[in-house]
Amino acid sequence: METNSDVLIIGGGLAGLTAAIHLSQNNLKVTLIEKSSYPRHKVCGEYISNEILPYLRSLGINISELNPTKISKFEFSTNSGKTAKAQLPLGGFGISRYVLDDFLYQKALSNNCTIIKENVIDVSFSNDFFSATTANQMVTAKIVLGAFGKRSNVDQLLDRNFFHKKSPWLAVKGHYSGNLDNDVVALHNFKGGYCGVSKVEHNIINICYLADYATFKQYKNIEDYQQNVLYKNKHLKSVFENSSLLFDKPLTISQISFEKKQPVENHIIMIGDTAGLIHPLCGNGMAMAIHSAKIASELILAFYTDKIISRDQLEKKYIKEWNKHFGKRIFMGRILARILTNKAITNMFVSLVASYPKILPEIIKQTHGKPIPIN
Ligand SMILES: Cc1cc2nc3c(=O)[nH]c(=O)nc-3n(C[C@H](O)[C@H](O)[C@H](O)COP(=O)(O)OP(=O)(O)OC[C@H]3O[C@@H](n4cnc5c(N)ncnc54)[C@H](O)[C@@H]3O)c2cc1C
């Protein structure tokens, strides 16, 4: 079957679904192709910065309907158990991807987006048009948004640079029941990684950690690794020992890359993690995915109403906007990750923060954006 659209979106995570809603609300014909079904769990800390709320409201998306947990405080601990605490400058909320992505999917469907649940296996560009294929369908479109996440077969198809570099990180996530303060997002350091702990809807605790593969592979399974490595941090030990896993087993992903990516490649406009992944310790990837969808959607609408006169101008404007909003945040995330994966520097850092507590909110501001302005 063949479909023609104004915009084809490859990938239906937060970035792809938000762009689908924004563009379809402005009368463009949108097709989104997503390989998995909804609802589904995803490896993610599920803490979202409040900066995206005004934008979501402008799209008619009311997050409070989902009963998120309101989060206003941040706690940090080192492997040796030292802690630092701060008020979050903007605050945020906890909501599972199981609930949030499905909510956006339903909204995109009600906006008459065509959603195809298949894997994109090829995408090509010629005569100013794209065509993308799945096992059963072909979609043609003038504009393609790449929203296929951190690592996809489409990256390999496009022969993107980062795909050839080593990706030594893996991540583990589980939902748990137990006791935990509602308003806190905590980041606990351990040898070779860090672990986020916070609540999502219905009192569920999210425990999600990023670990370096070299250390992880020395242990026979996740349980063994957690007990021998994560439990060295007494705060993490206490969190795990006082909570019960709600999944059959934790979810894992591997080969996570923080290498630089290009916001436009082969004329595809990349949004969300496809354009660049910020270290999860910043807790800002989801807000960036949603914000980049807004930037791309507004420029595409300008292109379709002739305010942007060529594809070249569209691509240049998007690259400029992307770098302006996210370049510094990703850079700061990389620096912070280096600090927090070095034991000696982390201890010094926490001592410094303990003596000068005002530093921590200032550092958090460097990796977060301001509330997204609505035109
Ligand atoms: C360990 C960890 C913890 C994190 N914690 C947080 C946090 O607490 N707060 C925060 O803000 N951010 C966090 N992040 C980052 C956040 O998860 C991402 O930034 C966010 O999910 C990006 O959304 P996206 O839409 O770009 O990608 P995704 O949500 O990954 O969506 C990509 C979609 O593309 C689909 N896809 C891929 N290839 C194809 C194909 N060929 N055909 C069709 N579909 C395809 C996939 O199935 C997927 O649904 C964390 C990341 C990690 C790794």
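1. Helices (H or I, at least four residues) and strands (E, at least two) are DSSP runs, numbered from the N terminus. The model is predicted: local features need pLDDT of at least 70, side-chain atom pairs count only at pLDDT 80 or more, and totals for chains, interfaces and linings use all residues. Residues are numbered from 1 along each chain as its sequence is written, and side-chain values use heavy atoms, with hydrogens and water left out.

2. The ligand is surrounded by 35 residues, a residue being near when one of its heavy atoms lies within 4 Å. The closest are Glu34, Tyr47, Arg97, Asn153 and Asp273. By type, the shell holds 14 nonpolar, 13 polar and 8 charged residues. Here Ala, Val, Leu, Ile, Met, Phe, Trp, Tyr, Cys and Pro count as nonpolar, Asp, Glu, Lys and Arg as charged, and the others, Gly among them, as polar.

3. A backbone N or O atom of tyrosine 47 is 2.7 Å from a ligand nitrogen atom. For ligand oxygen atoms, the distance is 3.2 Å from a backbone N or O atom of glycine 285 and 2.8 Å from one of methionine 286. The ligand alone exposes 1,000 Å², of which the protein buries 96%; accessible areas come from the Shrake-Rupley method with a 1.4 Å probe.

4. Which elements give two or more residues to the shell around the ligand? They are α1 (14-25), α4 (153-157) and α8 (285-304). Helix α8 supplies the largest share, 3 residues.

5. An unreviewed UniProt entry annotates residues 6-38 as "domain: FAD-dependent oxidoreductase 2 FAD-binding"; such annotations may be inferred rather than shown by experiment. In the model this span is 36% helix and 27% strand, and its end C-alpha atoms lie 24 Å apart.

6. Strand β5 (residues 83-94) runs antiparallel to β3 (residues 47-49), joined by 3 bridges; strands pair if DSSP finds at least two bridges between them. Tyrosine 47 has glycine 94 of β5 as its bridge partner. Strand β4 (residues 69-77) also pairs with β5 in the antiparallel sense, over 8 bridges, and phenylalanine 76 stands opposite alanine 84. The β4-β5 hairpin has 5 residues between the strands, and glycine 81 takes a positive phi near 100°.

7. The whole structure has 13 aromatic pairs, with ring centres within 6.5 Å (planes under 30 degrees apart count as stacked, over 60 as edge-to-face, the rest as tilted). Phenylalanine 190 and tyrosine 225 have ring centres 6.3 Å apart and planes at 80°, so this pair is edge-to-face. Phenylalanine 190 lies in strand β11 (residues 184-190) and tyrosine 225 in helix α6 (residues 222-228), so the pair ties together parts 35 residues apart in sequence.

Key. Polar contact = N/O pair within 3.5 Å; in protein donor to acceptor, adjacent residues only side chain to side chain. Phe/Tyr/Trp six-rings, centres within 6.5 Å; stacked < 30°, edge-to-face > 60°.
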